[in-house]
Amino acid sequence: MVHPPGVDIYPEESLDTLPGTRLKIIQKKSGYRYSVDALLVAEFTPVRPGERIIDLGTGSGVVALLLAEKARPGEIVALEVQPDLADLAQRNVVLNDMENLITVVNQDIKHYKGKELAGRYDVAVSNPPFRARGRGRVSPKAGKAHARHELSISLLELVASASYLLKPGGRLSLVYTAARLVDLICELRNKRLEPKRMQLVHHRFTSPARMVLMEAIKGAGVELNILAPRTLEEQGIKN
């Protein structure tokens, strides 16, 4: 695939293909790069043609691109607080000729509000930072630091924003660390997002769960469907 004229790829960046697709992705050679988490949450998220989707913390745009290819929704808004990553996501949208489907917005998720945005979206999706402030070593590289630690937004703030933006019956899908599953369920319920579908992700079936994939529905009744677990070996990751 020859990338369109006007899509800059800088020496410190690589041009890669997303696994199992024809989608191209520009990303940093070092620093922030997409992970298997993004592939998992995109695969886990059901999307119907014509739905309005918001990607809360799009990074380089991987999840938004995968969802756009998956179902050709009505629109996808891809929010990203870091200007350099928002620029990267925009270039990836143009690279894959998806400007008519995806709009990249360089804005803090917490501040993306307004009368016209409340209850606008059918689906919210996120691959948020897992580590609370003050927990663990923070990377000196801003992209990695914000991707891993709650520097820009906490779990509580993310869930509150998703609840505000989703219409009644709207769905939030996210991937999160299994170690904070209790925190996740508590915050979801506090914001009227009822956990409805969950899948634990392991390196292999003999190892503890590493991540959890969760779908919650705004205003839904109580009943959680726990899917069969999956392993990262299914994604070709051995360790």
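## Terms and model

Buried means under 20% relative accessible area, exposed means over 50%, and partly exposed lies in between (1.4 Å probe, protein chains only). A salt bridge is a side-chain nitrogen of Lys or Arg within 4 Å of a carboxyl oxygen of Asp or Glu. By this rule there are 16 salt bridges.

The model is predicted: local features need pLDDT of at least 70, side-chain atom pairs count only at pLDDT 80 or more, and totals for chains, interfaces and linings use all residues. Residues are numbered from 1 along each chain as its sequence is written, and side-chain values use heavy atoms, with hydrogens and water left out.

## Arginine 52 and glutamate 75

Arginine 52 is partly exposed, at 35% relative accessible area. Glutamate 75 is buried, at 18%. Their side chains form a salt bridge, 3.5 Å from N to O. Arginine 52 lies in strand β3 (residues 52-56) and glutamate 75 in strand β4 (residues 75-79), so the pair ties together parts 23 residues apart in sequence. Strands are DSSP runs (E, at least two residues), numbered from the N terminus.

## A linked network

Salt bridges join Arg48, Glu51, Arg171, Arg197 and Glu215 in a network. Glutamate 51 pairs with arginine 48, with the closest N and O atoms 3.1 Å apart. Glutamate 51 is buried at 8% relative accessible area. Arginine 48 is partly exposed at 48%.

Glutamate 215 and arginine 171 also meet in a salt bridge (3.7 Å, N to O). Glutamate 215 sits in strand β9 (residues 209-218) and arginine 171 in strand β7 (residues 166-177), so this pair connects parts 44 residues apart in sequence. Both glutamate 215 and arginine 171 are buried.

Key. Helices (H or I, at least four residues) and strands (E, at least two) are DSSP runs, numbered from the N terminus.
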